[in-house]
Amino acid sequence: MEIVTAACRLRPLAPTDAESLARHANDRGIWLNLRDRFPHPYTLEDARSYIAHVAGQEPATSLAIEVDGSAVGGISLMPGHDIERVSAEIGYWIGRAYWGRGIATAAIRGATGYALTTLGFRRVFAVPFVRNAASVRALEKAGYVREGVMRRSAVKDGALLDQYLYAAYDDRWTA
């Protein structure tokens with residue numbers, strides 16, 4: 001499984017990605033905008049463990065974001081369960097050296113199209129922190145719609161934070 005966009009390639013993670021992922025992921029600025037299960041500091045062992053954990057996923061839902069032959073980030077689709085089985089949450093990160101190049105937008109578009117057309121989800125959603133303007137902009141440029149604000153819905157690094165709720169839908173997807 002592979003998704004090629006103008007800015008990046010999305011593909012399953014491989015053991016050879018560990019060093020690059022560890023180098024790019026070990027950044028407090030990235031960690032501050034992700035869930036706590038994403039470790040900081042991010043070590044080579046963390047990268048190896050995560051790659052082993054998602055190895056052989058069928059269908060693949062945790063993907064490397066590759067630029068110029070190197071894994072510089074990750075993007076995942078987390079399927080809902082029970083009555084929310086038609087939805088998937090999308091999460092992503094890009095190494096700081098690649099910020100501001102449209103890579104996140106391209107990766108979001110590619111993964112969302114895959115989720116809605118190939119995996120059969122009806123809705124893909126994201127919950128970025130309100131303070132994460134770059135992620136919000138990437139979602140909007142990728143065709144996501146802001147559904148609302150979830151006030152005081154998360155705690156990160158000891159701070160109580162608001163999150164936006166963004167979504168893309170199968171009947172509106174054109175990106």
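Two strands count as paired if DSSP finds at least two bridges between them. The exercises below apply this to a predicted model.

**Exercise 1.** Determine the order in which the strands of the open sheet lie, and which strands stand at its edges.

*Solution.* The open sheet has eight strands, and their order is E1-E2-E3-E4-E5-E6-E8-E7, with mixed pairing. Strand E1 (3–4) and strand E7 (145–156) each have a single partner strand; they therefore stand at the edges, and one side of each lacks a neighbour in the sheet.

**Exercise 2.** State the sense in which E5 pairs with E4 and with E6, and say whether E5 is largely enclosed or open.

*Solution.* First, consider E4: seven bridges join E4 to E5, and the two run antiparallel. Within this pair, Met78 stands opposite Glu89 in E5. Next, consider E6: E5 and E6 run parallel and are joined by three bridges, with Ala88 opposite Val124 in E6. E5, H4 and E6 together form a right-handed β-α-β unit. Finally, buried means under 20% relative accessible area. Seven of the eight residues of E5 are buried, so E5 is largely enclosed by the rest of the structure.

**Exercise 3.** Describe the largest nonpolar core and identify the element that gives the largest share of it.

*Solution.* The largest nonpolar core has 34 residues, and those with the most contacts inside it include Leu10, Ile65 and Ile90. Elements giving two or more residues to this core include E3, helix H4 (103–118) and strand E8 (159–169). H4 supplies the largest share, eight residues. Another core, of 16 residues, lies apart from this one, and Ala22 and Trp93 are among its members.

Terms used: Residues numbered from 1 in each chain as written. Predicted model: local features only at pLDDT ≥ 70, side-chain atom pairs only at ≥ 80, totals over all residues. Heavy atoms only, no water. Helix = DSSP H or I, 4+ residues; strand = E, 2+ residues; numbered from the N terminus. Core = buried A, V, L, I, M, F, W, Y, C linked by side-chain atoms within 4.5 Å. Buried < 20%, exposed > 50% of the residue type's maximum accessible area, 1.4 Å probe, protein only. Right-handed = clockwise from strand over helix to strand, strands pointing away.
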